[in-house]
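Open the model in your viewer and keep the selection tool ready. This tour goes stop by stop, and each stop tells you what to select.

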Amino acid sequence: MTATVDRAEPDLVPDLSDPTAGRVAQAREMASAQVQLIADPAPLGLAAFALTTFLLSLANSGLMPASAEPVVFGVALAYGGVAQLLAGMWEFKKGNVFGATVFSSYGGFWLSFWAYVTFYAPGVPAEQHGAAAGWFLICWGIFTVLMFVGALRTTLVLAALFAVVVVAFFLLGLGALEGVTALTRAGGWVGLVAGAMAWYLCLAGVLSSLFGRPVLPNRSLVRA
């Protein structure tokens with residue numbers, strides 16, 4: 001009787017271009033050849049987060065007139081919301097718990113932002129708008145702190161992005177709660193930086209996929 005020896009595919013390697021993937025996500029991806037058929041959804045999720053954040057931050061920083069802010073709402077629904085939520089679902093398929101949680105949650109953030117402004121804000125008394133928006137943003141800031149802790153085991157630029165987003169959320173939240181325009185403006189400028197960083201990560205992921213190797217620097221924080 002001849003023994004059968006299972007051999008691993010020699011070209012089966014983890015997708016190191018996903019900046020949200022830690023050790024467990026990489027191991028899960030290696031465990032199934034079928035998951036290799038799924039393209040990396042992280043660049044899509046990062047692009048959706050980047051563009052929507054940058055666009056809203058233009059209004060928060062004062063660079064875009066407040067009267068033009070409604071342009072954000074459609075983008076928040078279709079791109080920041082739906083597209084990013086889809087990226088999160090595909091990260092679940094890849095076995096990346098962190099990426100799935102992040103993209104699905106921020107997709108939900110943009111969907112809830114759009115829904116609040118479109119349907120529910122008119123039902124809030126005018127004097128309570130600041131409190132409603134402020135606590136909404138602060139709660140998301142708390143969530144982002146939790147994700148920042150997780151990001152410390154992913155990549156350097158991603159961890160830095162979460163740190164910047166934490167600052168942006170709390171500046172915007174406190175600005176809304178206290179009615180201090182300077183804090184909102186500062187939060188908008190920090191949001192512009194966050195959007196630019198997310199675009200950098202998006203481009204890094206796309207270029208890595210195209211060239212088959214890292215092109216833009218983004219040091220891994222995954223420990224051996």
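A cavity is a set of points on a 1 Å grid over the protein atoms alone where a 1.4 Å probe fits but cannot get out; a pocket is an open set with protein on both sides within 12 Å along at least five of seven lines; lining residues have an atom within 4 Å of a point. Grid points are joined across faces, edges and corners, and a volume is the space filled by probe spheres set on the points.

Two notes before selecting. This is a predicted model, in which local features need pLDDT of at least 70, side-chain atom pairs count only at pLDDT 80 or more, and totals for chains, interfaces and linings use all residues. Residues are numbered from 1 along each chain as its sequence is written, and side-chain values use heavy atoms, with hydrogens and water left out.

**Stop 1: the whole chain**

Show the chain as a cartoon. You will find 7 helices and 0 strands. Helices (H or I, at least four residues) and strands (E, at least two) are DSSP runs, numbered from the N terminus. Now colour by burial: buried means under 20% relative accessible area, exposed over 50%, partly exposed in between (1.4 Å probe, protein chains only). Buried residues make up 43% of the 224 residues.

**Stop 2: the cavity**

How many cavities of 30 Å³ or more does a search of the whole structure find? It finds 1. The volume of the largest cavity is about 100 Å³. Select Phe49, Val102, Tyr106, Leu161 and Phe162; of the 11 lining residues, these are the closest to the centre. Next, select helix H2 (42-60), helix H4 (97-120) and helix H6 (156-178), which each supply at least two lining residues. H6 gives the largest share, 4 residues.

Colour the lining by class. Ala, Val, Leu, Ile, Met, Phe, Trp, Tyr, Cys and Pro count as nonpolar, Asp, Glu, Lys and Arg as charged, and the others, Gly among them, as polar. The cavity lining has 9 nonpolar, 2 polar and no charged residues.

**Stop 3: H4 beside H5**

Select H4 and helix H5 (residues 129-151). Their axes come within 11 Å and cross at roughly 170°. Axes are lines fitted to C-alpha atoms, for helices over the stretch in contact, and angles run from 0 to 180 degrees between N-to-C directions. H4 and H5 are therefore roughly antiparallel. That word applies to angles over 145 degrees; under 35 counts as roughly parallel, 65 to 115 as roughly perpendicular and the rest as oblique.

Contact means heavy atoms within 4.5 Å. Residues making the contact include Phe98, Val102 and Tyr106 of H4, and Phe136, Trp140 and Phe143 of H5. By class, the contact residues divide into 12 nonpolar, 7 polar and no charged.

**Stop 4: two single residues**

Pick Trp114, in helix H4. Is Trp114 buried or partly exposed? It is partly exposed, because its relative accessible area is 22%. Beyond its neighbours within four places in sequence, Trp114 is in contact with Phe73, Ala76, Leu77 and Phe119.

Move to Ser57, in helix H2. Ser57 counts as buried, at 4% relative accessibility. Not counting residues up to four places away in sequence, Ser57 touches Gly188, Gly191 and Leu192.

**Stop 5: the largest pocket**

The largest pocket has a volume of about 870 Å³. Select Asn60, Glu69, Phe113, Ala133 and Leu137, the closest to its centre of the 38 lining residues. H2, H4, H5, H6 and helix H7 (181-211) each supply at least two residues of this lining. By class, the pocket lining has 23 nonpolar, 13 polar and 2 charged residues.
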